[in-house]
Amino acid sequence: MREVGCPEEDLFSFLSSKRREDIGYRNILSSMCTPPHPVAARAHAMFLETNLGDPGLFPGTAALEELLVERLGTLMHLPDAGGYATSGGTESNIQAFRIAKKQKPVKSPNVVVPASSHFSFQKACDILGLEMRTVPLDGEFRMDTEALDGLVDKSTVAIVGVVGTTEYGMVDPIVRLSEVAEDRDVFLHVDAAFGGMVVPFLDRPIPFDFRLPGVDSVSVDPHKMGMSTIPAGCLLVRNPACFSSLNVDTPYLTVKRECTLAGTRPGASVAAAVAVLEYLGMDGMRAVVAGCMENARRLIEGMETLGYPRAVTPDVNVATFSCDRAPAGWRVSTTRNGHMRIVCMSHVTRDVIEQFLNDMSDTNA
Ligand code: PLP
């Protein structure tokens with residue numbers, strides 16, 4: 001550290017220079033994050049110093065966390081769902097596995113996840129000492145449920161289905177997973193970190209949430225399609241009592257127990273997440289999602305016209321192509337199978353898509 005602090009102006013000119021090194025979202029087509037909605041940024045600034053790790057000191061902010069859980073629980077067809085605001089999908093997925101493992105104390109526990117699952121499940125298995133069994137995918141990159149049954153056994157503590165896979169934007173057959181989970185009496189966690197803020201707003205929503213009786217928990221991230229500030233995730237559970245298995249004593253805080261993974265937790269991004277939901281409402285979110293889906297369709301059509309076929313028709317706004325080059329200046333990503341992947345977030349407007357397609361066609365020339 002410096003012996004003597006530096007003048008504010010110098011400091012901020014240094015910070016500005018670093019910030020300028022960042023790439024603006026305008027050309028980022030690879031991210032599941034997006035610039036926060038203006039009401040999110042405003043709410044975030046209002047709650048900057050709040051700490052949900054000691055909720056009795058910030059009862060107003062804590063009430064907003066409860067409201068977030070209630071709103072998202074209602075969106076997932078269970079207004080009484082238990083839950084709390086996490087730092088994102090990774091923490092939600094780890095916590096879901098912790099609950100599942102506590103519920104079934106077996107000698108060598110395993111979990112069964114689709115091959116498409118996010119790498120956060122690898123972290124969760126490593127931390128929790130769980131064997132990860134991987135279910136292959138069908139021709140459309142969804143979990144092949146035929147292969148599922150044989151992988152579940154007496155030591156399976158959880159099955160995972162994904163709603164809006166990170167790489168291909170697919171929704172696993174959660175109806176079938178729910179049946180298997182009920183038949184085999186296994187905890188079913190639905191990772192809807194991305195799709196949880198997309199699928200409920202589609203013209204024809206695909207069933208995936210607590211309406212299905214086998215679903216025990218759901219991850220959903222406001223900091224992705226919910227246009228909140230970072231970090232804002234949410235873990236929802238059917239049975240709020242199951243959080244008690246994670247409790248530790250916190251004698252010197254305003255609450256005597258906590259079940260969260262993090263201790264100090266931001267209230268600002270929770271206020272931001274609530275702000276977007278309240279401001280846009282179902283109607284506003286439907287419009288945002290309809291725009292993103294329309295842009296994904298236009299992108300797919302445009303790329304196919306240029307000779308780059310889609311890898312699959314996605315369920316949500318993630319488009320993938322057989323294409324191995326992107327025009328200079330654009331950030332796209334590549335899936336494990338080598339497909340070009342573009343996430344049509346709200347900053348990826350129709351103009352951006354047209355510009356990208358134009359640049360693609362110049363690369364072709
Ligand atoms: N689950 C899914 C389906 C995701 O797409 C992601 C991130 O892209 C995660 C979990 C992890 O979320 P986070 O990066 O917020 O921890």
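Mentor: Let us begin with a nitrogen atom of the ligand, which lies 2.7 Å from an N or O atom in the side chain of Asp191; please keep in mind throughout that this is a predicted model. An oxygen atom of the ligand is placed 2.6 Å from an N or O atom in the side chain of Thr90, and the side chain of Thr166 likewise has an N or O atom 2.8 Å from an oxygen atom of the ligand. The protein covers 83% of the 390 Å² of accessible area that the ligand has on its own. In total, 14 residues surround the ligand, and the closest of them are Thr90, Thr166, Asp191, His223 and Lys224.

The general idea to carry with you is that, in soluble globular proteins, nonpolar side chains tend to be buried together. Here the largest nonpolar core has 68 residues, and the members that touch the most other members are Leu72, Leu148, Val190, Phe194 and Leu236. Several elements each supply at least two residues of this core, among them helix H3 (59–75), strand S5 (187–191), strand S7 (233–237) and helix H8 (268–305). The largest share, 15 residues, comes from H8. Because domain 1 (14–37 + 282–364) and domain 2 (38–277) both give residues to this core, it lies between them.

Now consider the two domains themselves. Their C-alpha centres lie 26 Å apart, and 29 residues of domain 1 are in contact with 34 residues of domain 2.

The side chain of Arg133 reaches the backbone oxygen of Leu151 at 2.8 Å, and, apart from neighbours within four places in sequence, the residues in contact with Arg133 are Asn110, Val111, Val112, Val113, Leu151, Asp153 and Thr156.

Val332 is found in the loop between strand S10 (318–321) and strand S11 (333–334). With a relative accessibility of 24%, Val332 counts as partly exposed. Although Val332 and Ile28 are 304 residues apart along the chain, their C-alpha atoms are separated by 6.9 Å. Once neighbours within four places in sequence are set aside, Val332 is in contact with Leu29, Ser30, Ala326, Met340, Arg341, Ile342 and Phe356.

Ser333, finally, belongs to strand S11. The relative accessible area of Ser333 is 19%, and this residue is buried, since the cut-off for that word is under 20%. Beyond its neighbours within four places in sequence, Ser333 is in contact with Ser30, His339, Met340 and Arg341.

Key:
Residues numbered from 1 in each chain as written. Predicted model: local features only at pLDDT ≥ 70, side-chain atom pairs only at ≥ 80, totals over all residues. Heavy atoms only, no water. Core = buried A, V, L, I, M, F, W, Y, C linked by side-chain atoms within 4.5 Å. Buried < 20%, exposed > 50% of the residue type's maximum accessible area, 1.4 Å probe, protein only. Helix = DSSP H or I, 4+ residues; strand = E, 2+ residues; numbered from the N terminus. Domains from an automatic or database assignment. Near = heavy atom within 4 Å. Polar contact = N/O pair within 3.5 Å; in protein donor to acceptor, adjacent residues only side chain to side chain. Areas by Shrake-Rupley, 256 points an atom, 1.4 Å probe, with all protein chains shown as cover. Contact = heavy atoms within 4.5 Å.
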